[in-house]
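User: I have a structure that I would like to go through with you. Could you begin with any term I shall need?
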Amino acid sequence: MVKIKELPDAELVQGSYACAGCGGILAVRMALKVLGPETVIVTTPSCLLGVTTFYPQLAFKVPCVNVTFPSTAAAVSGVVAGLKRRGKKGVKVVGLAGDGGTVDIGLQALSGAIERGDNFIFICYDNEAYMNTGVQRSGATPLGARTTTTPVGSVGRGEERPKKDMLGIVAAHNIPYAATASIGYPQDYLTKVQKAMQVEGPAYIQVLSPCPPGWGYRSDLTVQLARLAVQTGQWPLAEYENGRLTVKEIAHPRPLRDYLAPQARFAHLPG
Ligand SMILES: Cc1ncc(C[n+]2csc(CCOP(=O)(O)OP(=O)(O)O)c2C)c(N)n1
Ligand code: SF4
């Protein structure tokens, strides 16, 4: 298990333009503390790219390859092959994408890379919508959530479809390791990152990463909401390892309204 106090002080992503309270940048910052400097990141158009990469500035202190929206995992496979060809060992290749770039637009490439059994980690920082382009719904938007493409009014009542079961989708590929995590539970999340690093083959982690402007809440509530999502059963902490699924039990679940009430995207829901 990762010991938070023993993590290095040095930051491998620093000086980004992320909003105050951005869960996504926190997810990446924390993961890089465990991944370390021998990491190559591959990322796509998203908030993450928008807030870290302003030519000639780059907030990452590790190599970062920026590719088109659908191709994160395809480019990951290319980097893995390139490193192998050059005889470089011990470098982790990590695909980083938002939920839109993972569960929707990047899904085909991710499916192919997992099927090939390439040795990589894919981290989806899940803020449950296409935030960078103005909060449009994605396949990961939860039921009932208001977004700019699932408005609330006389006709619409927010998102009408349930959130896509991405863990189930990657598990169906017989992936060696997959997990859900939350930035509100750093030890659990980072232990999963550490486990993913030890896997020979593909590993997938989907980390819930609240977004203050997209979800409509006060920016100081990010970590609290990331915890409440788990405590109310809205975001189970699950692990799929060697064909076995385990889900962390919540001893005393909190009422769902504790999680929904602080967020404007759920303000239209009754009760
Ligand atoms: C093929 C393609 N479609 C659409 C876009 C426009 N686009 C750029 S960023 C973005 C949103 C990204 O959403 P997500 O992957 O969820 O990351 P987030 O911004 O929420 O962090 C979109 C739709 C694009 N660059 N390429
Ligand atoms: S809009 Fe949301 S995901 Fe994008 S930088 Fe701001 S807080 Fe982060």
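Predicted model: local features only at pLDDT ≥ 70, side-chain atom pairs only at ≥ 80, totals over all residues.

User: Then which strands form a hairpin, and how many residues lie between them?
Analyst: Strands β9 and β10 form the hairpin, with two residues between them. Residues 238–241 make up β9 and residues 244–247 make up β10, and the two pair in the antiparallel sense over four bridges. Within this pairing, Ala238 stands opposite Val247 in β10.

User: What is the phi of Asn242 in the turn?
Analyst: Asn242 has a positive phi of about 50°.

User: Changing topic: is His268 buried or exposed?
Analyst: His268 counts as buried, because its relative accessibility is 18% and the cut-off for buried is under 20%. His268 is placed in the segment after α10 (256–260).

User: Which backbone oxygens does the His268 side chain reach?
Analyst: A polar atom of the His268 side chain lies 2.8 Å from the backbone oxygen of Gly144. The side chain of His268 also reaches the backbone oxygen of Arg157, at 3.3 Å. Leaving aside residues up to four places away in sequence, His268 touches Gly144, Arg146, Val152, Arg157 and Gly158.

User: And which residues are around ligand 2?
Analyst: Around ligand 2 are Cys19, Cys22, Cys47, Val51, Asn127, Cys211, Pro212 and Pro213. The elements giving two or more residues to this shell are α2 (47–52) and α8 (212–215).

User: How many of the shell residues are nonpolar, polar or charged?
Analyst: The shell around ligand 2 has seven nonpolar residues, one polar residue and no charged residues.

Notes: Residues numbered from 1 in each chain as written. Chains lettered and ligands numbered in written order. Heavy atoms only, no water. Buried < 20%, exposed > 50% of the residue type's maximum accessible area, 1.4 Å probe, protein only. Polar contact = N/O pair within 3.5 Å; in protein donor to acceptor, adjacent residues only side chain to side chain. Contact = heavy atoms within 4.5 Å. Pairing = 2+ DSSP bridges. Near = heavy atom within 4 Å. Nonpolar A, V, L, I, M, F, W, Y, C, P; charged D, E, K, R; others polar.
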